[in-house]
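Colleague: I have a chain on my screen and a few questions about it. Could we go through it together?

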Amino acid sequence: MPDFASVEDVVTRFGDVGYITDDRLATTVFLQTRLDKPVLLEGPAGVGKTELAKTLAEVTGRRLLRLQCYEGQDETKALYEWDYGKQLLYTQVLKEKIGQLVADAETLGDAVDRISAQESVFFSERFLAPRPLLEAIRSDEPVVLLIDEVDRADEALEAVLLELLGENQVSVPELGTFVAKVKPYVVLTSNNTRDLSAALKRRCLHSFLDYPTAARELEIVNSKDTGLSEALAEQLVQVVRGLRDLELRKSPSISETVDWARTLAVLGASELTAKLLSDTVSVVVKYDKDVRRAVDALPRLIDPNAVIEEDHGHGHGHGHGHDSDHDHDSHEDAGPNGKDVRAAKDDPGRHDENYYGGATTAVATPKKTVPSSQGAKSFARGFGPKKR
């Protein structure tokens, strides 16, 4: 029986477990289950690509197999490898049997031939260590195969994937070709760190996931039971969308929005203030420069007239300065500000024309008279030929 009756069934069942999807994405999932084609999900990090595969496994009751891609990964970590340790152990155990096998061999060649005839024993499924790709093909039960962040892997791994994606099979040179008993649902994700090959894309249904609309993101936050009131959640979503408009190294993801909502609920927030958000902004912003940009922008995002109090313990309002916890206003009664004094020293024209040694400030020094013969004597004394 099909896993989903219709596109609306996908939307409903995904929503029941907390994954809010739109009709376009639900249609892609529905077609995957009917056409037996893999799905390639591309888009920025944190928009729900990996979570979709997990949710698909949950609502269909399938086992989830995950291949996490990384740079330098090869087929031995993705497809299969031989269990050399097990092969060696069996060789030691069967050493006596091997001796009996070649005991009556007349020549060395005969002995080698007899041993080589038994190679298939050690290169059989008994010693095969399947990795996620081969395991998904050999599985007797339905599975969802998640190939996560495929753009991080080298192009060589893409070539390895083509057979599986196009024909639901994997070839092992020593054993032959394994064809899927139960075709897996294959979901590939990419954060667009590099372009994927046309051959890979051609074999997949494609969907681009971007940050959701404000209404949908609010619906996602509310569905997670964060404990934050709907009014504050709506305001928080607008703040997060404002942070995404900044030039940040990494924009806040949907899951981080949910985490921020939970954080504020734990702190018992009754209203969103610039100070409260600046104290907790590291929940959604992960890099130092991004934190500074975000803290500078938060007052404007909450209220154009709001001001963040300098209470971060490191000055400068960002927690990265050198003024500790001192209140800058307290220095006004203590005397001139050191920074202003240093800046004043750079003002042009702060000294008169005689400051650097003008004639009116110079002190006359009596001129010492030196006889004209003194130079010759000094030269002769220092550099002339020495008397023996």
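Predicted model: local features only at pLDDT ≥ 70, side-chain atom pairs only at ≥ 80, totals over all residues.

Colleague: Which residues have the most contacts inside the largest nonpolar core?

Modeller: That core has 32 residues. Elements that each supply at least two of its residues include β2 (63–68), α9 (132–138), β5 (143–148) and β8 (185–190). Leu133, for one, touches Leu67, Ala78, Leu79, Leu145, Ile147, Leu161, Leu164 and Val170, leaving aside residues up to four places away in sequence. The residues with the most contacts inside the core are Leu133, Ile147 and Leu188.

Colleague: What span should helix α16 have at 1.5 Å a residue?

Modeller: Helix α16 covers residues 288–302, which is 15 residues. The expected span is 1.5 Å times one less than that number of residues.

Colleague: Where does the kink in α16 lie?

Modeller: The kink is about 30°, and it comes shortly before the proline Pro299. Pro299 is itself one of the buried residues of α16, along with others including Val291 and Leu298. The residue at the kink is Asp296.

Colleague: Which elements do the buried residues of α16 pack against?

Modeller: The buried residues of α16 are Asp290, Val291, Ala294, Val295, Ala297, Leu298 and Pro299. Their packing partners are α13 (230–244) and α15 (274–280).

Colleague: Asn168 has a positive phi near 55°. Is Asn168 buried or exposed?

Modeller: Asn168 sits in the loop between α10 and β6. Its relative accessible area is 10%, and buried means under 20%, so Asn168 counts as buried.

Colleague: And Asp36, what is its relative accessible area?

Modeller: Asp36 also has a positive phi, near 55°, in a residue other than glycine. Asp36 is found in the loop between α2 (23–35) and β1 (39–42). Asp36 is partly exposed because its relative accessible area is 36%.

Terms used. Residues numbered from 1 in each chain as written. Heavy atoms only, no water. Helix = DSSP H or I, 4+ residues; strand = E, 2+ residues; numbered from the N terminus. Bend = angle between axes of the 7 residues up to and from the residue. Buried < 20%, exposed > 50% of the residue type's maximum accessible area, 1.4 Å probe, protein only. Contact = heavy atoms within 4.5 Å. Core = buried A, V, L, I, M, F, W, Y, C linked by side-chain atoms within 4.5 Å.
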